[in-house]
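Q: I would like to learn how to read aromatic contacts and their surroundings in a structure. Could we begin with the idea of exposure and then turn to the rings?

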Amino acid sequence: MKRIHLSDRSIIRITGEDSRSFLQGLISNDIARANGQHGLYAALLTPQGKYLFDFFIVADGDALLADCLAGDASELIKKLNMFKLRSKVTLEDTEPAYGVHVLFADGAENVLSNGQQKKTADGAILYADPRLAAAGVRVIAPKGADIAGLGAEQANDDEYQRHRMRLGLPEAPLDLEKDKSILLESGFDELSGVDWKKGCYMGQELTARTKYRGLIKKRLVPVTVEGTTEPGTDIMLDGKVVGDVRSLSGDIGMAMLRLQAITSGGPLQAGDATLTPAPPAWMHLPDADA
């Protein structure tokens with residue numbers, strides 16, 4: 001088991017008697033899933049159904065803690081406050097009071113009992129990553145909490161990035177583009193980031209239409225990399241642009257590709273590199289010709 005401190009994450013504390021009903025009408029997942037035993041993964045969309053922010057939410061007593069990209073925290077709070085109206089909700093950026101950590105690799109799941117969220121004596125909240133069991137355990141820890149005492153070996157950022165890329169887990173800002181990315185292209189459906197029964201939320205209409213009409217024509221997938229390229233590089237197949245490179249770590253990366261490119265079996269070129277799609281087992285790829 002390994003551990004890493006994700007220094008690019010912040011915690012927003014959400015309190016108030018209307019906090020759950022307020023979030024329920026805005027985010028892509030059912031806030032009831034943050035029940036003190038499990039966390040949830042969700043996104044906030046534009047009214048047109050395009051990605052704005054993604055985050056994890058866990059319950060901490062009567063409060064909710066949202067784990068988001070640190071660079072997005074103030075913007076996310078500002079955006080949510082625009083919808084408060086008379087709702088009794090308070091949103092507070094807690095940085096630097098909390099840190100976000102991940103326990104991953106073999107044995108990470110053993111720190112939880114039956115996969116249920118727990119809180120340590122020094123206030124750290126541990127919960128299974130709601131996207132995939134293999135993703136590991138996420139930790140929201142007050143400053144000074146003994147994370148090393150959990151028994152995991154310290155990892156570096158490259159080890160963590162390779163871990164999440166192999167699993168096909170998207171991460172902002174490289175993999176997810178504001179006002180552009182569509183949830184189902186980025187795996188949010190299979191990664192438990194969308195609840196199809198919760199009712200309306202901002203951007204729900206386009207998200208539902210995309211699913212039920214089979215409108216997905218490209219997907220964010222892991223790729224193996226031979227050669228040199230960089231994020232943002234166009235990916236070519238038979239002289240045509242079929243996608244672009246998103247994030248990289250050595251010989252593995254994430255790329256947004258047209259379905260035909262994923263299943264073609266032909267060589268994909270990105271700059272001086274040859275890419276080979278490596279869709280994870282959890283990913284459902286619709287018929288490229290549909």
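A: A residue counts as buried under 20% relative accessible area, as exposed over 50%, and as partly exposed in between. This is a predicted model, and in it W196 has a relative accessible area of 27%, so W196 is partly exposed.

Q: Is Y212 buried or exposed?

A: With a relative accessible area of 57%, Y212 is exposed.

Q: How many aromatic pairs are there, and how is the geometry of a pair read?

A: Ring planes under 30 degrees apart count as stacked, those over 60 as edge-to-face, and the rest as tilted. The count comes to four aromatic pairs. One of them joins Y41 and F56, whose ring centres are 5.0 Å apart and whose planes stand at 35 degrees, so this pair is tilted. Y41 belongs to strand β3 (residues 40-45) and F56 to strand β4 (residues 51-60), so that the pair links distant parts of the chain, 15 residues apart. Both Y41 and F56 are buried.

Q: Which kind of pair do W196 and Y212 make?

A: Their ring centres lie 5.9 Å apart with the planes at 65 degrees, so W196 and Y212 are edge-to-face. W196 lies in the loop between α3 (157-167) and α4 (204-212), whereas Y212 is in helix α4, 16 residues apart.

Q: Which residues form one aromatic cluster, and where do the charged ends of R131 and R138 sit?

A: The cluster is formed by Y41, F56 and F188. The charged end of R131 sits over the ring of Y41, 5.4 Å from its centre, while that of R138 sits over the ring of F56, 3.9 Å from its centre.

Methods:
Residues numbered from 1 in each chain as written. Predicted model: local features only at pLDDT ≥ 70, side-chain atom pairs only at ≥ 80, totals over all residues. Heavy atoms only, no water. Phe/Tyr/Trp six-rings, centres within 6.5 Å; stacked < 30°, edge-to-face > 60°. Helix = DSSP H or I, 4+ residues; strand = E, 2+ residues; numbered from the N terminus. Buried < 20%, exposed > 50% of the residue type's maximum accessible area, 1.4 Å probe, protein only. Lys NZ or Arg CZ within 6 Å of the ring centre and 35° of its normal.
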